[in-house]
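This briefing goes through one protein chain, topic by topic. Keep the sequence and the 3D view open while reading.

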Amino acid sequence: MPTRTRSAPAVPGARATRRSAPYRRTGPPRRGARRSQRARQTRAAWLFLAPSLTALAVFVVWPMIQAAYLSFTDYNLMQAAHWVGLGNYRQLLDDPEAWNALENTLVYAVVSTPVSVVLAFSLALFLNRSMALRGFLRSAVFLPFVVSLGVVSIAWAFLLDPNIGLLSKWLSGLGVSPEQGWLEDPAYAMPAVIAVGVWKNLGFYMVMYLAGLQGIPPELHDAARVDGASAWQRLRRITWPLLTNQTMLISIMAAIGTLQAFDQIYVMTHGGPFFQTETLVVFTYRVGFERNEFGYAAAISWVLLVLVFVLSMLQFGYFRKRAVTL
């Protein structure tokens, strides 16, 4: 409601006879003013988002549309593309090399994702306590993440080399070393590649868990300790449920990263030996740039995209029911 204000009298007891200020509206702004303010905020938001949306449209959306079109053609760089309909997708269903690559991809993802989550969570619990050299140990675990995966893969290929590899020599001294070398033996190549992939991203996932641990109110653990809860009970009933959001995010990121694994495997094994480490992305590269079948490679990439999307939605739906808000 508008209020009328009067000036204070110069002499105590005198009667104020003049209005000191005009009427002022002190209530909420009118509907038209609110619409105008909302329109300005929306326009500012779109202006801030415009550079990112433009880059996303040019470098992500448009290539995806082009790949979708090529997946229905026989394009091979040497001649014009001809429409083949679902021919590439039917070829994919009957291709034993594609099924082998899909199996290797699933093995890599199914093993790497839970191992990465468990190790990152364990390291975060260990390095969240007060201890000597805690900052150094955190940095040492996180350091591989900031190094190029190609450089890391080259270094590990030398370390595991059966002739000059330092790590291979140490393991040979312990009696744990295949005769053909870690990356040349079909039985050991995939475990070696998985171990390097887990080691590379472990520090990043650990930092995400550390952020979640430091956001848990200490009063919860203090109250449980007073009630006689053991360390295992506090971990199971308080810490792990309150880290559900971090676990969801880490699991989805790890799964997507493993399904898209390429540079590490290509540098370390080139998909070998005998295609035992060839994932779908490596197979797509070989089909496109070595066999010059870009239409077929585009079809494989779209199948992988659908696979990643479905898996991400399943993980998101599973963890969403268990999300906890403090």
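The axis of a helix is here a line fitted to C-alpha atoms over the stretch in contact, and angles between axes run from 0 to 180 degrees between N-to-C directions. The model is predicted. The chain has 13 helices and zero strands, and 32% of its 326 residues are buried.

**Overall layout**

- Read along the sequence, the pattern is α-α-α-α-α-α-α-α-α-α-α-α-α.
- Of the contacts in the chain with a separation of 6 or more, 63% are between residues 24 or more positions apart.

**Helices H9 and H10**

- Two packed helices are described by the angle between their axes and the distance between the axes.
- Helix H9 covers residues 231-242 and helix H10 covers residues 244-259; their axes come within 5 Å and cross at roughly 50°.
- H9 is therefore oblique to H10.
- On the H9 side the contact is made by Trp-240, Pro-241 and Leu-242, and on the H10 side by Thr-244, Gln-246 and Thr-247.
- Sorted by type, the residues of this contact are three nonpolar, three polar and no charged.

**Nonpolar cores**

- In soluble globular proteins, nonpolar side chains tend to be buried together.
- The largest nonpolar core in this chain has 20 residues, and those with the most contacts inside it are Ala-124, Tyr-205, Met-206, Tyr-209, Leu-243 and Ile-250.
- Two or more residues of this core come from each of helix H3 (96-127), helix H7 (189-214), H9 and H10.
- The most is given by H7, with seven residues.
- Leaving aside neighbours within four places in sequence, Ala-124 is in contact with Met-206, Tyr-209, Leu-210 and Leu-213.
- Another core, of 14 residues, lies apart from the largest one; among its residues are Ala-101, Leu-259, Tyr-296 and Ala-297.

- Thr-279 sits in the loop between helix H11 (263-268) and helix H12 (280-290).
- Is Thr-279 buried or exposed? Thr-279 counts as buried because its relative accessibility is 0%, and buried means under 20%.
- The side chain of Thr-279 reaches the backbone oxygen of Ala-261 at 3.2 Å.
- Ala-261 is also one of the residues in contact with Thr-279 once neighbours within four places in sequence are left aside; the others are Ala-101, Thr-105 and Ile-265.

**Helix H12**

- How many of the eleven residues of H12 are buried? Eight are, so H12 is largely enclosed by the rest of the structure.
- The buried residues of H12 are Leu-280, Val-281, Val-282, Phe-283, Thr-284, Arg-286, Val-287 and Gly-288.
- After H12 comes Asn-292, with a positive phi near 60°.

- Glu-293 lies in the loop between H12 and helix H13 (294-320).
- Glu-293 counts as partly exposed because its relative accessibility is 29%.
- Leaving aside neighbours within four places in sequence, Glu-293 is in contact with Tyr-75, Gln-91, Val-287 and Gly-288.
- Val-287 and Gly-288 are among the buried residues of H12.
- Glu-293 and Leu-77 are 216 residues apart in sequence, and their C-alpha atoms are 8.3 Å apart in space.

Technical notes
Residues numbered from 1 in each chain as written. Predicted model: local features only at pLDDT ≥ 70, side-chain atom pairs only at ≥ 80, totals over all residues. Heavy atoms only, no water. Helix = DSSP H or I, 4+ residues; strand = E, 2+ residues; numbered from the N terminus. Buried < 20%, exposed > 50% of the residue type's maximum accessible area, 1.4 Å probe, protein only. Polar contact = N/O pair within 3.5 Å; in protein donor to acceptor, adjacent residues only side chain to side chain. Contact = heavy atoms within 4.5 Å. Parallel < 35°, antiparallel > 145°, perpendicular 65-115°, else oblique. Nonpolar A, V, L, I, M, F, W, Y, C, P; charged D, E, K, R; others polar. Core = buried A, V, L, I, M, F, W, Y, C linked by side-chain atoms within 4.5 Å.
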